[in-house]
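Please look through the structure shown below, following the chain in its numbered order.

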Amino acid sequence: MKPNTDPETPAASGRAIHRGLVLCHDCHKLNRWDIKQAHAIQRCGRCGAKMHPRKPNSLARTWALSITAALCLIPANILPIMTIISFGKGQSDTIMSGVIALIHYEMYPIALVVFIASVAVPVMKLLGIWILCLSVQFGWNSSPRQRTVLYRMVEFIGKWSMLDVFVIAILVALVNLGALATIEAGHGATAFCLAVVITIFAAESFDSRLIWDQEENRNE
C-alpha cells in the first residue's frame, strides 16, 4: 500500500506527512517536508541523506528478504550445525538432532533453550513479519495497536536469534583440546546465521507506519 501523500489531503489529518514533517531514516532527525516538492529529491538537514515519507518499496523488500530467510532455514535444519570430534571420531548434529540428544541425556532446560532459540524464534519471527505484510497488503481490519506491538516483538526477539551462533562460536573457541576433542561449525550454522541476519534486514525494511496509514485512510 502506498502512503497517501496527496497535498490536497486535509491538514487536520494526524499524520506527520500532512503536517509537513518527515523522519530521516538514517539519523532519525525530524525534518520539514515540502509537500509541493514531493516528487523532488529532499535531503535531511543534518546528515544529508535522501528522505522519503515512507521506506521505498517496503513491502516488496520485506517479502523478498523474509522468503529468502525462510529458504535459508531449510539447509539450516537439514545440514549439520556442529561436529564434535573426540578421540578421532566425529559426530555431526543438526539442530533437531542436537535437541533430541540433549533430551536423551536429560538436559531438558538446555534442550528447551536450544529449541526456542533455533527453531521456535526464527519461525515465529518470520510468521510475524508475514502477518504484518499480509495485513497491510490486503487491508485487514485488525487493531493497528496490536500489529504495532507484534512488530515491536519481532524486532525484540530478533536480538536473541543469534544465541545459537554465539554458543557455537564460544564452543569452537574454547573446546580445542588437540587430539582429544575439537568442535567445528557445520554448513548448517552458516545457513542459520544467514537466515537470522536476513530476517533482521526483513524486519528493518518493514515500515510500521504503513499500519497507521491504513487506519488513517479508513477513517478519512
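At what angle do helix α1 and helix α6 pack, and how far apart are their axes? In this predicted model, helix α1, formed by residues 58-78, packs with helix α6, formed by residues 187-205, at an angle of about 165°, and their axes are 8 Å apart. Because angles over 145 degrees count as roughly antiparallel, α1 and α6 are therefore described as roughly antiparallel to each other. The crossing in which α1 passes α6 is left-handed.

On the α1 side, the residues that make this contact include Arg-61, Leu-65, Ala-69, Cys-72, Leu-73 and Ala-76, while those contributed by α6 include Gly-188, Phe-192, Ala-195, Ile-198, Phe-201 and Ala-202.

The C-alpha atom of Cys-193 is separated by 9.9 Å from that of Phe-166, although the two residues are 27 residues apart along the chain.

An unreviewed UniProt entry carries the annotation "transmembrane region" for residues 63-87, 107-140, 160-179 and 185-203. In the model, the span of residues 107-140 is 88% helix and 0% strand, with its end C-alpha atoms lying 43 Å apart, whereas the span of residues 185-203 is 89% helix and 5% strand, with its end C-alpha atoms 27 Å apart.

Technical notes:
Residues numbered from 1 in each chain as written. Predicted model: local features only at pLDDT ≥ 70, side-chain atom pairs only at ≥ 80, totals over all residues. Heavy atoms only, no water. Axes fitted to C-alpha atoms, helices over the stretch in contact; angles between N-to-C directions. Helix = DSSP H or I, 4+ residues; strand = E, 2+ residues; numbered from the N terminus. Parallel < 35°, antiparallel > 145°, perpendicular 65-115°, else oblique. Left-handed = near helix turned anticlockwise from the far one by under 90°. Contact = heavy atoms within 4.5 Å. UniProt positions renumbered as here; feature names shortened; annotations may be inferred.
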